[in-house]
Amino acid sequence: MGELWVSAGIEVNHGKPINEVRKALGALQHLTVEEEGCIRFEVLQHNDSPERFTLWEQWVDEAALKAHFEAPHTLAYLEKDYTRVCYIEKLNAVALMRL
């Protein structure tokens, strides 16, 4: 199996300041893109619902994603209980055929 793509929807937990959560997500992004096995890690905030975010991630494989959840910066973010996960989609890229 090749690269793993992830789309994850998260929402700010009640009582957590959105600006503080944005800052924490930015720090998480900065450290995550430095992880071995991380190809892409983007944090997008929804325009119509600023308490909602989508994470677009690309990893070399499932093991790299697993290691991400064991990384100190990921554990520190999760410990703060800033957000809750609404959905996680694990995806594979489809190779397009040329006609």
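Colleague: What makes D81 partly exposed?
Modeller: This is a predicted model. The relative accessibility of D81 is 45%.

Colleague: Where does D81 lie?
Modeller: In the loop between helix 3 and strand 4 (83-91). D81 has a positive phi of about 55 degrees, although it is not a glycine. Most residues other than glycine have a negative phi.

Colleague: Why is the pair of Y77 and Y82 called tilted?
Modeller: The structure holds 1 aromatic pair. The ring centres of Y77 and Y82 are 5.8 Å apart, and a pair needs centres within 6.5 Å. Their planes stand at 40 degrees. Stacked needs under 30 degrees and edge-to-face over 60, so this pair is tilted.

Colleague: How do you know whether Y77 and Y82 are buried or exposed?
Modeller: Y77 has a relative accessible area of 9%. Y82 has 10% relative accessibility. Buried means under 20%, so Y77 is buried and Y82 counts as buried.

Colleague: Which residues meet in helix 1 and helix 3?
Modeller: V21, A24, L25, L28, L31 and T32 of helix 1 meet H73, T74 and Y77 of helix 3. The residues of this contact divide into 6 nonpolar, 3 polar and no charged.

Key:
Residues numbered from 1 in each chain as written. Predicted model: local features only at pLDDT ≥ 70, side-chain atom pairs only at ≥ 80, totals over all residues. Heavy atoms only, no water. Phe/Tyr/Trp six-rings, centres within 6.5 Å; stacked < 30°, edge-to-face > 60°. Buried < 20%, exposed > 50% of the residue type's maximum accessible area, 1.4 Å probe, protein only. Contact = heavy atoms within 4.5 Å. Helix = DSSP H or I, 4+ residues; strand = E, 2+ residues; numbered from the N terminus. Nonpolar A, V, L, I, M, F, W, Y, C, P; charged D, E, K, R; others polar.
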